[in-house]
Amino acid sequence: MSATLRIGIVGCGNISDNHFQAYAALPDVEVVAVCDIDPERARVFADAREIPHAVSSVAELAALGVDALSVCTPHPTHEAVVREAAAGGIHILCEKPIAADSAAAARMVEAAHANDVTLGIVFQKRFWDGARNIRAAIDEGRLGIPMLGHCRVLLHRGRDYYDAAAWRGTWAADGGGVLMTQAIHYIDLLQWFMGEPVEVSAKAGTFVYGDAIEVEDTAAALITFASGAIATLSATVAASPNLGTAITITGTTGATVSLTEYPEGTDAVNDLWAVPGEERAGSVFEHGLSGDIPVEEVNARLMPMHRQQVADFVRAVRTGGSPAVTGEEALASLRIVEAVYESARTGRPVRLAEPSTSRALAHLPATVTV
Ligand SMILES: NC(=O)c1ccc[n+]([C@@H]2O[C@H](COP(=O)([O-])OP(=O)(O)OC[C@H]3O[C@@H](n4cnc5c(N)ncnc54)[C@H](O)[C@@H]3O)[C@@H](O)[C@H]2O)c1
């Protein structure tokens, strides 16, 4: 690998500039080429940023000798790009969700292992200060065992959002709705806080945008974790105004901590922190901010977290260490999304794994009636 890390970006749409800006801010890293199946898009993107090459295939990127690339294409195309890059010995930072289905995601993880390349998945909200504070409190035992979680995703996407890109809102090209595209960020955080998911019961529906999209705009689920801990997930893209997102975790010490992201895209704050001796509370709404912001602005606000995740990926490539979010972890959050869909379709709980044999938390026997 050369002293300067040579980067390619695949897909020149909404989120690609976050990757470009993040790489451009790092020393000894150069974005040498961009790639899009639409050559004109690639050319315009490259010219605006003085990127030397604009190409339309991963093979051309490989021929230019890139060391690593970012995958910023629609989810169902991630697998082909990642596998081709891995086969060429190129390290990969892939946008979330890792893929549109877990079989594809498992093949991507396998391809990265087989070719000994780094595969990181962008879940940049792991870099929120508010998320890191919660994870540290859990790691340091200040909550005991996280036993109860609430994950609330009350976002707004208008019809214009779905009209702007033909792939959005379809099962074939988007792989799902609010769960697959938006809530998966918070599902990733929930499993990062609460551990391995083992069972999911859920309902989902298209309550508002049925005339515009095939996929769900709204869903609710109960998730059980290997420890026996339980969490509720509720998500919609049909809230108006956009009220952002929140995650609350209560542990067996009785302590409760939460984070709130409002407006969507900004760094989440710990608006409730009820750990003995560290109590604090505040409302993100008291500052009079508006949650109704265009999606492009949401993406721009994500930039500081993209910067941190891209820097983490470059560190992993240089040191051979593990990236902040591995392909395996991204596969786990995708499996929760798929389990929600299956449970909603069948009306039955979906078992993802066996509960821990040394269960930390006991449940009521299944036969108890109230
Ligand atoms: N991390 C985040 O918060 C975040 C935010 C937005 C989007 N994303 C993810 O980024 C990905 C892209 O989303 P977007 O909104 O930027 O999409 P977009 O539709 O704006 O752009 C996608 C681009 O990829 C190109 N493309 C499609 N297939 C290709 C292929 N095989 N090879 C090369 N180029 C190809 C398209 O021509 C288009 O220019 C999605 O997986 C999405 O979920 C993540």
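Buried means under 20% relative accessible area, exposed means over 50%, and partly exposed falls in between (1.4 Å probe, protein chains only). These legends describe a predicted model, in which local features need pLDDT of at least 70, side-chain atom pairs count only at pLDDT 80 or more, and totals for chains, interfaces and linings use all residues. Residues are numbered from 1 along each chain as its sequence is written, and side-chain values use heavy atoms, with hydrogens and water left out.

View 1. Helices (H or I, at least four residues) and strands (E, at least two) are DSSP runs, numbered from the N terminus. In helix α2, which spans residues 39-49, the buried residues are Ala42, Phe45 and Ala46. They sit on the same side of α2 because they cover an arc of only 95° around the axis, the arc being that of the directions from the helix axis to the C-beta atoms. As a reminder, an α-helix has 3.6 residues a turn, so residues three or four places apart point the same way. Turn to the other side of α2 and you will find Glu40 and Ala48 exposed. The cover over the buried residues of α2 includes α1 (16-24), β2 (29-35) and β3 (53-55).

View 2. Arg49 pairs with Asp17 in a salt bridge, with the closest N and O atoms 2.8 Å apart; the term means a side-chain nitrogen of Lys or Arg within 4 Å of a carboxyl oxygen of Asp or Glu. Since Arg49 lies in helix α2 and Asp17 in helix α1, the pair ties together parts that are 32 residues apart in sequence. Arg49 is partly exposed, at a relative accessible area of 25%. The structure holds 16 salt bridges, and Glu79, Arg83 and Arg107 are linked in a network of them.

**View 3. Salt bridges with buried partners.** Glu261 and Lys125 form a salt bridge whose closest N and O atoms are 2.9 Å apart. Glu261 belongs to strand β12 (residues 256-261) and Lys125 to the loop between β6 (119-122) and α6 (129-139), so this pair joins parts that are 136 residues apart in sequence. Both Glu261 and Lys125 are buried. Arg157 and Glu264 also meet through their side chains in a salt bridge (2.8 Å, N to O). Arg157 is buried, with a relative accessible area of 6%, and Glu264 is buried too, at 3%.

**View 4. A nonpolar patch around Ile230.** Met147, Leu148, Leu222 and Ile230 make a nonpolar surface patch of about 280 Å². Ile230, in strand β10 (residues 230-236), is partly exposed, with a relative accessible area of 33%. The C-alpha atoms of Ile230 and Leu148 are 5.2 Å apart, although 82 residues separate the two along the chain.

View 5. Helix α12 (residues 327-346) has 20 residues and reaches 28 Å from its first C-alpha to its last, close to the 28 Å expected at 1.5 Å a residue. Its buried residues include Leu331, Leu334 and Tyr341. Ser102, in helix α5 (residues 102-114), is buried, with a relative accessible area of 13%. Leaving aside neighbours within four places in sequence, Ser102 is in contact with Leu331, Leu334, Arg335 and Glu338, where contact means heavy atoms within 4.5 Å. Just after α12, Gly347 takes a positive phi of about 75°.

Key. Patches are made of residues with over 30% relative accessible area and no salt bridge: like charges are joined within 9 Å, nonpolar side chains (Val, Leu, Ile, Met, Phe, Trp, Tyr) within 5 Å. Accessible areas come from the Shrake-Rupley method with a 1.4 Å probe; for residues, only the protein chains shown count as cover. The expected span of a helix is 1.5 Å times one less than its number of residues.
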